[in-house]
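I'd like to walk you through two residues and then step back to the whole chain.

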Amino acid sequence: MTDKVKTVAEVVQTVPDGSHIALGGFAINRCNIVVAHELIRQRKKNLMLSQGVVGLDTDLLVGAGLVSRLIMGGGSLDRFGPVHCVNRARETRSVDAHDYSSLTICFRYLAGALGISFIPVKSLLSSEILSALKRDRPRRTSSVCTVRLPAKSIFS
């Protein structure tokens, strides 16, 4: 029987450049700093990174220049300060950043785990966007897209 226990370095070697990496944790809690350090040591490139609440591990990876696309549900280290590298990368547009709610990120992961392309989620809009929608309300047209769910509901 082969040994299934591997070192972090061995696991990170199996991650090809350009991979999509989903990180857990919450700001400074339960972040996988060891894996972030090893990704930096092995100089992985062009990573797509997604995380529900961006924390120190994401800030390290973005600061090291390993991330080309960032999918996030918000981010702050709260009383420990903002995520400086992430904020700087967003301001200079050196990272293709996409913002979602943390709930939407969770449902994206769930859809992938279930083997389906997406799960419809109602998003909350900011008051500015909501007022613009009320002002410029789109008219109904024949090009409305209909989403057909599978016969077997995943919620039943």
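Let's start with Ser50, which touches His20, Ile21, Ala22, Leu23, Ile71 and Tyr109, leaving out residues up to four places away in sequence; contact here means heavy atoms within 4.5 Å. Before I go on, this is a predicted model, where local features need pLDDT of at least 70, side-chain atom pairs count only at pLDDT 80 or more, and totals for chains, interfaces and linings use all residues. Numbering runs from 1 along each chain as its sequence is written, and side-chain values use heavy atoms, with hydrogens and water left out.

So, Ser50 sits in strand 2, residues 47-51 (strands are DSSP E runs of at least two residues, helices are H or I runs of at least four, both numbered from the N terminus). Its side chain makes a 2.9 Å polar contact with the side chain of His20. By polar contact I mean N or O atoms within 3.5 Å, one able to donate a hydrogen and the other to accept it, and residues adjacent in sequence count only if both atoms are side-chain atoms. Ser50 counts as buried because its relative accessibility is 2%; the cut-offs are under 20% for buried, over 50% for exposed, partly exposed in between, with a 1.4 Å probe and protein chains only.

Next, Asp57, over in helix 3, residues 56-63. Asp57 is at 0%, so that one is buried too. A polar atom of the Asp57 side chain lies 3.5 Å from the backbone nitrogen of Asn32.

Zooming out, the chain has 6 helices and 4 strands, and of its 156 residues, 26% count as buried.
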